[in-house]
Amino acid sequence: MDPGVHSIGIPQDRFDASRLQIEGAIGNLSSTNQQKIACSRAVRAFVDAKESSRSSSVAASLFREVEAVRKKGLDAHHLTLQNLRYRESRLKEEVKLCQNYQCLGLVKLTDESHFIFESSSAGTKPHNHSQQLDMLKEELEKRRWLDAQKSALQEKLRKIEAEMKNRHSILRQLPTYLNAAQQACSPLSQLILNTDWMQRTNANHGQLPRALSLIYWQFRSLVSAGVLSPSTELFFGQESPARARYGDLVIERSIASLKVSFHGTLVVFRTLPSMGNIVVVEPSDGTLVNLFPGDSGDKLYTTAMAWRHETVGVGKNALFPHNVLGRPFSWAQWLGGGGTGTIAC
């Protein structure tokens with residue numbers, strides 16, 4: 001027992017004893033001497049009672065402090081108990097959720113329709129063993145298929161990694177190849193003409209057809225390389241458009257033209273935009289006919305125009321209106337980028 005709590009009873013006994021002495025002294029007031037003695041005893045007993053009352057008050061204060069400490073400890077234990085009970089309820093809920101969790105794989109393996117066991121003196125035996133074996137075979141086949149898919153994907157990944165490694169190697173060597181190509185082409189850089197003049201020409205004469213631009217730069221390169229005479233003149237022009245009927249189609253010639261002068265002979269190149277920018281050449285007389293064997297310039301020989309013969313209602317052997325539009329020579333198509341092979345063919 002707490003000593004502070006035990007000390008509360010001591011002032012209480014003193015108080016009771018003092019009270020009895022006061023009552024006894026008051027009862028002995030019959031004589032004078034006895035009255036004096038009784039009064040003295042009463043006073044001492046009263047002082048003793050007052051002291052015991054004070055001690056009782058101090059002991060009561062101590063008891064209240066002890067009670068507060070005990071109450072605080074009790075509240076702490078109560079709060080701890082509530083927390084533990086809450087944790088217990090939560091754990092029970094988690095256990096219940098785990099018990100009620102439906103796993104499809106386990107349900108498949110432990111399906112009661114596939115596994116029914118009977119109790120016997122020899123132990124437990126499966127009721128339908130063949131169904132269990134079939135299910136296990138199916139599972140084994142699926143796992144083998146997945147393993148094959150995994151191997152195929154791994155092999156594909158290795159091939160892709162090897163290809164990427166090869167491409168990275170080529171990209172790392174690309175600057176070396178580009179430098180080698182630049183050094184190999186450096187002797188030709190002197191033969192490449194400045195394009196400023198061509199840009200100014202395009203600004204003055206409008207957007208030129210690609211075929212005429214290509215023919216122009218080929219002739220300029222031949223002149224610069226010394227293949228053609230330096231007296232060869234090249235210049236662009238614009239003229240009124242010319243029209244002619246070819247089958248059921250009306251063909252209009254471009255207004256832009258490229259004129260080339262060879263030792264006084266003037267050759268004019270134009271295009272037919274409605275026929276896929278086919279190049280036509282003037283003079284349209286027999287001056288340039290059979291410049292290459294078999295190239296008379298009176299028919300369309302390009303494969304790109306083969307389908308147009310049927311759509312425009314023109315026979316394959318129909319003559320082209322060269323007297324109005326010019327002659328579509330095969331060598332002119334080759335110069336304009338519309339043919340393949342060599343110019344001799």
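**Exercise 1. Describe the sheet formed by E3, E6, E7 and E8.**

Solution. Step 1: the four strands form an open sheet of 4 strands in the order E3-E6-E7-E8, with antiparallel pairing. Strands (E, at least two residues) and helices (H or I, at least four) are DSSP runs, numbered from the N terminus. Two strands pair if DSSP finds at least two bridges between them.

Step 2: E3 and strand E8 (278-282) are the edge strands, each pairing on one side only. From one strand to the next the twist averages 25°; axes are lines fitted to C-alpha atoms, for helices over the stretch in contact, and angles run from 0 to 180 degrees between N-to-C directions.

Step 3: the model is predicted, so local features need pLDDT of at least 70 and side-chain atom pairs count only at pLDDT 80 or more, while totals for chains, interfaces and linings use all residues. Residues are numbered from 1 along each chain as its sequence is written, and side-chain values use heavy atoms, with hydrogens and water left out.

**Exercise 2. State how many bridges join E6 to E7, and follow the pairing across the sheet.**

Solution. Step 1: strand E3 (residues 233-238) and E6 run antiparallel and are joined by 6 bridges. Gly-237 is placed opposite Ser-257 in E6.

Step 2: between E6 and E7, also antiparallel, there are 5 bridges. Here Leu-258 faces Phe-269 in E7. The hairpin of E6 and E7 has 2 residues between the strands, and His-263 takes a positive phi near 50° in it.

Step 3: E7 and E8 run antiparallel with 5 bridges, and Val-268 stands opposite Glu-282 in E8.

Step 4: helix H7 (residues 210-225) lies across E3, E6, E7 and E8 and runs at about 20° to E6. Contact means heavy atoms within 4.5 Å.

**Exercise 3. Explain why E6 is described as largely enclosed, and compare this with its residue Phe-262.**

Solution. Step 1: buried means under 20% relative accessible area, exposed over 50%, and partly exposed in between (1.4 Å probe, protein chains only).

Step 2: E6 is largely enclosed by the rest of the structure because 6 of its 7 residues are buried.

Step 3: Phe-262 lies in strand E6 (residues 256-262) and has a relative accessible area of 21%, so Phe-262 is partly exposed.

Step 4: leaving out residues up to four places away in sequence, Phe-262 touches Phe-219, Leu-228, Thr-232 and Val-267. Phe-262 and Glu-233 are 29 residues apart in sequence, yet their C-alpha atoms are 7.3 Å apart in space.

**Exercise 4. Determine whether Arg-270 is buried or exposed, and identify the polar contact of its side chain.**

Solution. Step 1: Arg-270 belongs to strand E7 (residues 265-272). Its relative accessible area is 4%, so Arg-270 is buried.

Step 2: the side chains of Arg-270 and Glu-282 are joined by a polar contact of 2.8 Å. Such a contact is a pair of N or O atoms within 3.5 Å; within protein, one must be able to donate a hydrogen and the other to accept it, and residues adjacent in sequence count only if both atoms are side-chain atoms.

Step 3: beyond its neighbours within four places in sequence, the contacts of Arg-270 include Leu-212, Glu-239, Arg-253 and Val-280.

Step 4: Glu-282 is also joined to Pro-283 by a cis peptide bond, with omega about 20°. Pro-283 is in the loop between E8 and helix H8 (308-311).

**Exercise 5. Characterise the aromatic pairs of the structure.**

Solution. Step 1: rings of Phe, Tyr and Trp (its six-membered ring) pair if their centres lie within 6.5 Å; planes under 30 degrees apart count as stacked, over 60 as edge-to-face and the rest as tilted.

Step 2: there are 6 aromatic pairs in the structure. The pair of Phe-219 and Phe-269 is tilted, at 6.1 Å centre to centre with 45° between the planes. Phe-219 lies in helix H7 and Phe-269 in strand E7, so this pair ties together parts that are 50 residues apart in sequence. Both Phe-219 and Phe-269 are buried.

Step 3: Phe-329 and Trp-331 form a stacked pair, 5.4 Å centre to centre and 20° between the planes. Both of these residues, Phe-329 and Trp-331, are buried.

Step 4: ring pairs link Phe-219, Phe-262, Phe-269, Phe-329 and Trp-331 into a cluster.
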